Structure formats: structure tokens, C-alpha cells
Amino acid sequence: MDDRLRGHRETIGERLERDLAALRKPLPPPYDACEKLGTSVSSLSLVRYRRNDYSVPTSYGHREVIVRGYVHEVVIACGTEVIARHRRSYEREDFVFDPLHYLALIERKINALDQAAPLAGWQLPEEFARLRHLLEARMGKQGKREFVQVLRLIEGFRIEEVTAAVRDAIARGAIGFDAVKHLVLCRIERRPPRLDMTVYPYLPRATVATTTPRAYMDLLAGGAS
């Protein structure tokens, strides 16, 4: 280990320490088997990759993004943030939408709810259709907006949790976004719901008078007669 070979200034031991230090360096990251492409988001919140268009959230319109095309998936990132994931389409001139990407815009332009192409064919549990019918019957246009707000809960919660909350709200007769959101949180936090019914003025109210002994006596007298 102390010998120096001809043509080397370092000993064999010193050269070994240098080699070991180089070998201990972390390995490079695994190869990312995809095609990477820099592009920009269109005004329709679409990113084109290989002759197909993939949606991103509307807040990223006209932004520069990186597209990573895998065999089965297309991943779109803005900076270091992944903003969209889609199944890869091998069709030509195809549109691949995620309905959640457009809900924030539809909430502001509620009249586009029934004509929005990204929502066409979106298969939701039947509870959502029932909720929308009740909301629009009771609140009209505002009911449409509250329905979209309920759909936006799927952005942050699993659809199974939101569906269960919608079903519970319908059963309780508390038809509204606030009620559904409250029930979702209660389900996640495992606590009993406490709904403030004063925020639902369209629901029927029950008036209970103060009970007196005379009322009971009149009731008994009527039953006896």
C-alpha cells in the first residue's frame, strides 16, 4: 500500500482512498423512460402532444410547460409542479379532458354547464343528478352554481367520500353546498354532523308551542268524548 508505481506520484494506498471516495458517491437517478417536450398551454387550457390535445387546469392558460410522454401516460408539469396526468391517446386529433380542470371556469360562467365539452360523458353516481335536480328546483340559477361547487369538492376529496356526503345530505333534506361540504369533513374526521338549518330558508319550518297542563287535559277530554 505504501509503494509508488512508476509514473505515479501517489502511493497505491492513496490512490485506493481516492477511488473509494469516487465509488461512494450516490448513484444517478434512474433513467426516466419518456419523451420530454417543452411547449405552452393554449387559450382553451389544452396542451398538444403528438397530434393530440390534453387538458390542464384553466389557471395555467398561456403558461410554459414540460410534457413527458410515457408509453401509457402523459404527464404535464409547470416548473416543478405536476399539473395534469392523462392516459396517453394514440389516436389523431384526439381531445383528452379531465372535467375537474374546467370546473373553476364553469363556476364563474355557469350558463356553460350544459354545453361544456370537457364535461360531456362524465359518468357520475346517480346521487349527483338527484342533487342537481333538487338544487335547481329550489334555487334556480344559484342552484346550478352550488352544484358546480359540490363537484369541485372532488378536487380535494375522493369521489366516494363526496358521493356519500351527497347521499347523506339528500336523506337529511339539507340540500346545499355548505351541507355537503360539512358532511364530507365530518365523515373524514369521524365526528357527528351539526347542521345549522337557518342557512336553508327554503326548507319547511316546524313551529312548536309551549306545552301546558291545560292542553293535556283538553286532549284527554276530547279523547274521552
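# Group meeting talk: a sheet and its helices

Strands S4 and S5 form a hairpin, with three residues between them. Two strands pair if DSSP finds at least two bridges between them.

Some conditions before I go on. Residues are numbered from 1 along each chain as its sequence is written, and side-chain values use heavy atoms, with hydrogens and water left out. This is a predicted model, in which local features need pLDDT of at least 70 and side-chain atom pairs count only at pLDDT 80 or more, while totals for chains, interfaces and linings use all residues.

Back to the sheet. It is open, has four strands in the order S1-S4-S5-S6, and its pairing is antiparallel. S1 (35–40) and S6 are the edge strands, each pairing on one side only. From one strand to the next the twist averages 25°. For such angles, axes are lines fitted to C-alpha atoms, for helices over the stretch in contact, and values run from 0 to 180 degrees between N-to-C directions.

How many bridges join S4 to S5? Four, with S4 covering residues 64–69. Arg-68 has Val-75 as its bridge partner in S5. On S5's pairing with S6 (residues 81–87), there are six bridges, again antiparallel. Ala-77 is partnered by Val-82 in S6, and Glu-73 stands opposite Arg-87. The S5–S6 hairpin has two residues between the strands, and there Gly-79 takes a positive phi near 70°.

Why is S5 described as largely enclosed by the rest of the structure? Because five of its six residues, 73–78, are buried. Buried means under 20% relative accessible area, exposed over 50%, and partly exposed in between, with a 1.4 Å probe and protein chains only.

Now the helices. H4 (residues 141–152) has 12 residues and spans 17 Å from first C-alpha to last, close to the 16 Å expected at 1.5 Å a residue; the expected span is 1.5 Å times one less than the number of residues. Its buried residues include Phe-147, Val-148, Val-150 and Leu-151. The buried residues of H4 pack against H2 (103–108), H3 (126–139), H5 (159–172) and H6 (177–189). Contact, here and below, means heavy atoms within 4.5 Å.

H3 and H5 have axes that come within 9 Å and cross at roughly 45°. The two helices are therefore oblique to each other: angles under 35 degrees count as roughly parallel, over 145 as roughly antiparallel, 65 to 115 as roughly perpendicular, and the rest as oblique. On the H3 side, Phe-128, Leu-131 and Leu-134 are among the contacting residues, and on the H5 side, Val-162, Val-166 and Ile-170 are among them.

Finally, the loops. Pro-118 sits in the loop between H2 and H3, and its 14% relative accessibility makes it buried. Not counting residues up to four places away in sequence, Pro-118 touches Phe-97, Pro-99 and Tyr-102. Leu-103 is 15 residues from Pro-118 in sequence and 9.4 Å away in space, C-alpha to C-alpha.

Two residues other than glycine have positive phi: Glu-93 near 60° and Arg-190 near 55°. Glu-93 lies in the loop between S6 and S7 (95–96). Arg-190 lies in the loop between H6 and H7 (213–224). Is Arg-190 buried or exposed? Exposed, at 78% relative accessibility.
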